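My notes follow the structure.

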Amino acid sequence: MQKEELMVNIQTTTGLQDIRDNDRILVHEHVFNRYPFRQQEKMEDYVLNELDKAYRQGITMICDLTAYTKPYHYYRIIENSPVKIVSCLGFYTNRYIPAHQKRQDADEIIRSYSKVIENGVGTRNVKPGILKIAAQSYRLSPLEEKLFSVIAFLSKEYELPIALHAPKGTYSHVLSLISAGAKPEKIFVAHIENGIQSEKEYDRRLTEATQILSLGSYVQLADFGCTITSKKCITGIAFFNDLIKRGYLNNLLLSADSCWRWKKNEFVVKEYNYGNGKPYTYTKEFSLPKLQQEVNTTLDLEQVLLCDNPKRFFAK
């Protein structure tokens, strides 16, 4: 008996798009980054070339999680990218929050953002397909508490998923979103694996990730270093494998958190890992082959992590 296909659509920068079973989705990248406006054409050429490389590897959709830029500065990319782009709406860390939003109460921001979700922005009415929120430390500041309540309300009201940037205190921040009204299955967390330097810290993060996954939320992993012998790669694979052993493969997501920038009169991939960058092709070129080789499973991890799990996460 043939498995019935789950029908899911997502709001992209060019309109609603059905997600097919073979769509390969990177849920956490940065396409709409800041740049010198005098370099507009050069930026567009660079980003389109990087997106084309990802497309030629089979990537069909990318979620841009740059919450502090506006998609109407990137129309040429939106219209010419071979990869469908999903833009976000929300907030990054304190320094990226506009002064007027720091002054506004939650209801004012909700009214403003509701208009963006319903009507879009710019002359092409670009609408967001995912919400973004960030926490800088173990405890939320008063500003972060306000913004968390905004994102939780919008997610519940419009059935939009949430990407949570929270390297510290991740589990408690997930609980904050849930207590404010967000559904746990609409949340994925990023960066929980960052900065693990000891066995004690590894165990603490693993426990925290397990608690998050037990709620029905998702964990997205991004950085496995740039060499197979690096501590970061070894730790990342072990972390991934331990979560699978606990039965949570279906709630794991994989992406690179790739970011580009203007440096020394050219556009380059932002450096991580001692000078090495992570382009949009990083997940397919490095992370997936290494995970498939090292993780104890006969399943096709590319199908699970880039197709099946993202599609389930974006389902209404």
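Entry one. I began with a crossing: helix 4 passes helix 5 in a right-handed way. I kept in mind that this is a predicted model.

I then looked up where the two helices lie. Helix 4 covers residues 106-119, and helix 5 covers residues 142-158. Their axes are 10 Å apart, and the packing angle is about 40°.

Entry two. Which residues of helix 4 meet helix 5? I listed Ala106, Ile109, Ile110, Tyr113, Ser114, Ile117 and Glu118. From helix 5, I noted Lys146, Leu147, Ser149, Val150, Phe153, Leu154 and Tyr158. I sorted the residues of this contact by class: 10 are nonpolar, two are polar and two are charged.

I turned to helix 8, residues 231-245, and helix 9, residues 282-294. I found an angle of about 60° between them and an axis separation of 11 Å. Helix 8 and helix 9 are therefore oblique to each other. I checked the hand of their crossing too: right-handed.

Which residues make the contact of helix 8 with helix 9? On the helix 8 side I wrote down Cys233, Ile237, Phe240 and Asn241. They meet Phe286, Lys290, Leu291 and Glu294 in helix 9. By class, I have five nonpolar residues, one polar and two charged in this contact.

Notes:
Residues are numbered from 1 along each chain as its sequence is written. This is a predicted model: local features need pLDDT of at least 70, side-chain atom pairs count only at pLDDT 80 or more; totals for chains, interfaces and linings use all residues. Side-chain values use heavy atoms; hydrogens and water are left out. Axes are lines fitted to C-alpha atoms, for helices over the stretch in contact, and angles run from 0 to 180 degrees between N-to-C directions. Helices (H or I, at least four residues) and strands (E, at least two) are DSSP runs, numbered from the N terminus. Angles under 35 degrees count as roughly parallel, over 145 as roughly antiparallel, 65 to 115 as roughly perpendicular and the rest as oblique. A crossing is left-handed if the near helix is turned anticlockwise from the far one by less than a right angle, and right-handed if clockwise. Contact means heavy atoms within 4.5 Å. Ala, Val, Leu, Ile, Met, Phe, Trp, Tyr, Cys and Pro count as nonpolar, Asp, Glu, Lys and Arg as charged, and the others, Gly among them, as polar.
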